[in-house]
Amino acid sequence: MQGQMINSQLTITEIMRHAERVNSGTEVVSITHDNPIHRYTLKEAFKRVRQLANALQDLGIKQGDRVATLAWNDYRHLELYYAVSCSGAVLHTVNPRLFPEQIEYIVNHAEDSVVFFDPFFLPLIEQLKEKLPTVTRFIALTDSQHLPTNNIEDLTDYETLIQDKSSQFTWPDIKEDQASSLCYTSGTTGNPKGVLYSHRSTVLHSMGSALPDAFSLSLDETVMPIVPMFHVNGWGLAYSAPMTGTKLVLPGPKMADGETLTHLINEEGVTMTAGVPVIWLTLLEHLKKTDTQVPSLNRIVVGGSACPELLIAEFDELFNVSVHHAWGMTEMSPLGTFNQLTPSIKAQGQAQQMATKLKQGRIVFGVDIRIEDWEGNELDWTGNQFGSVKVRGPWVASGYYKQGEQLDSNGYFDTGDVASIDKNGYMMITDRSKDVIKSGGEWISSIELENIAVGHPDVKEAAVIGVSDPKWGERPLLIVVTHQVEVTQQELLGYFDGKVAKFCIPDAVVFVKDLPHTATGKLSKKDLRTRFKDRTLG
Ligand code: ADP
């Protein structure tokens, strides 16, 4: 028997309608290239979104067309999020930190028709413009006064584009399965691959990620996403914040500037912020150096890579801020797990609480996760067996743009991560499947060793890779950047004693000035493996 409920479509247009009517007074505060502090309400935002939708129509954008952005987190980018997707077109957020050849590849692969870019990226656009045959117009995200001198034909600034447009617009009816946005993974191997989100996946992800034991968004919160809006929809906060009436603080090009972030937190009363670990290390250093407190901030969500223990401990002890791990990926919109302590773990001692906080967290409703051994058998949640992480759910990709479905025979997507899940449901990523070190039949987690290494006070950053070994197949090599101090190999290796099984301790240490990173700020193990491929440890 069928249920008798209204089958209304889950679309971003509905988020917008709700936000405009119910949360119209919610503020959005931004820093942009042309304005040190811009402030308006959602009511004003959505009026401009309709002007922009009219402008897009005049530019000839039709349903299904791809519209690219190379932009920071700010109010104009937010307006594009809604105007493009709610017009039925597809918002293609391009990561400007990718190599120019990768950007050329993905804009051409997506066949973008218009590119909106922050003036900051003008040199990149000037370099690439002749190589992007599908792009008919470039728009600079600024006003006429700040439009830089350029050699791009017909370049218009955003404010001129929308200023005379009507603020009335009839939004098209959109089916919830229609594509809403597109984001390419950085492609650590091969070409970047496109993940094509739908209106439905976006709405469900916004609802799931806003829940109390996840991002916990509400009218009482002010969120400052440091995770860029050009990467996995800024973890969906540009949708979930307006949906819940959460105030948004968008730091524009100042995302890596500890002083600006501190100022924004304290001036705007930021309660929650989200981003990759390296940002939080920068903020922590700044707060300690300037002896500044951030009383409104009560939590930081960390994802993208594992969070060092020091970050969790120091934010808690020195600033009374709790740091929560979240895990996910571009293919998962991105949220999969979130680390919130259960009441029984909160009742345990500090050491046990910390051991749990270092895990990636518990599964968020809406995502089904299983871990499998190398033969595809599902593993129990014991905490000591690790295997491939497979996921399924309405906000998980079934394949990549212009490629077919890529699910396993059970209908799950293979994340390429290796993890264990303990009896309380906390998942712990132990590695990427390609980074696990296979030593004499045993599997060694490179991440676990890196986490230990960065716990040493003299170590600034650490990477562990497997290098070939005639006897064991592979052995771990530790590569470190140290603070400006002399520390010996012997001392660093001794630091692992008692922290991991003997066979896991790296065989040697290489000291380097810096480590290579990918466009999304993660360690590039691929580059390290190439660099040290001929190294033997004997
Ligand atoms: P994002 O940069 O948003 O994390 P990507 O798709 O670029 O998305 O990368 C996803 C991968 O990043 C995951 O498969 C996982 O390997 C790693 N990752 C994400 N979050 C965490 C985390 N909290 N701890 C450890 N690794 C993580």
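**Entry 1: helix packing**

Angles under 35 degrees count as roughly parallel, those over 145 as roughly antiparallel, those from 65 to 115 as roughly perpendicular, and the rest as oblique. I noted that the model is predicted, that local features need pLDDT of at least 70, that side-chain atom pairs count only at pLDDT 80 or more, and that totals for chains, interfaces and linings use all residues. Residues are numbered from 1 along each chain as its sequence is written, and side-chain values use heavy atoms, with hydrogens and water left out.

I looked up helix H1 (residues 12-22) and H2, which pack at an angle of about 135° with their axes 8 Å apart. Helices are DSSP runs of H or I with at least four residues, strands are runs of E with at least two, and both are numbered from the N terminus. Axes are lines fitted to C-alpha atoms, for helices over the stretch in contact, and angles run from 0 to 180 degrees between N-to-C directions. H1 and H2 are therefore oblique to each other.

I then checked the handedness of this pair: the crossing of H1 and H2 is left-handed (the near helix is turned anticlockwise from the far one by less than a right angle; clockwise would be right-handed).

Next I examined H2 (residues 42-58) with helix H3 (residues 75-86): their axes come within 9 Å and cross at roughly 60°. H2 and H3 are therefore oblique to each other, and their crossing is right-handed.

**Entry 2: the ligand**

I found 18 residues around the ligand (a residue is near if one of its heavy atoms lies within 4 Å). The closest are His-231, Ala-326, Asp-417, Arg-432 and Lys-522. By class, I recorded six nonpolar, eight polar and four charged residues in the shell (Ala, Val, Leu, Ile, Met, Phe, Trp, Tyr, Cys and Pro are nonpolar; Asp, Glu, Lys and Arg are charged; the others, Gly among them, are polar).

Helix H8 (232-235) and strand E14 (322-328) each supply at least two residues of this shell. The largest share, four residues, comes from E14.

I located a polar side-chain atom of His-231 at 2.7 Å from an oxygen atom of the ligand. A polar backbone atom of Ala-326 is 2.7 Å from a nitrogen atom of the ligand.

**Entry 3: backbone details**

I saw that a cis peptide bond joins Ser-333 and Pro-334, with omega about 15°. Pro-334 is placed in the loop between E14 and strand E15 (335-338).

Definitions and conventions:
Polar contact = N/O pair within 3.5 Å; in protein donor to acceptor, adjacent residues only side chain to side chain.
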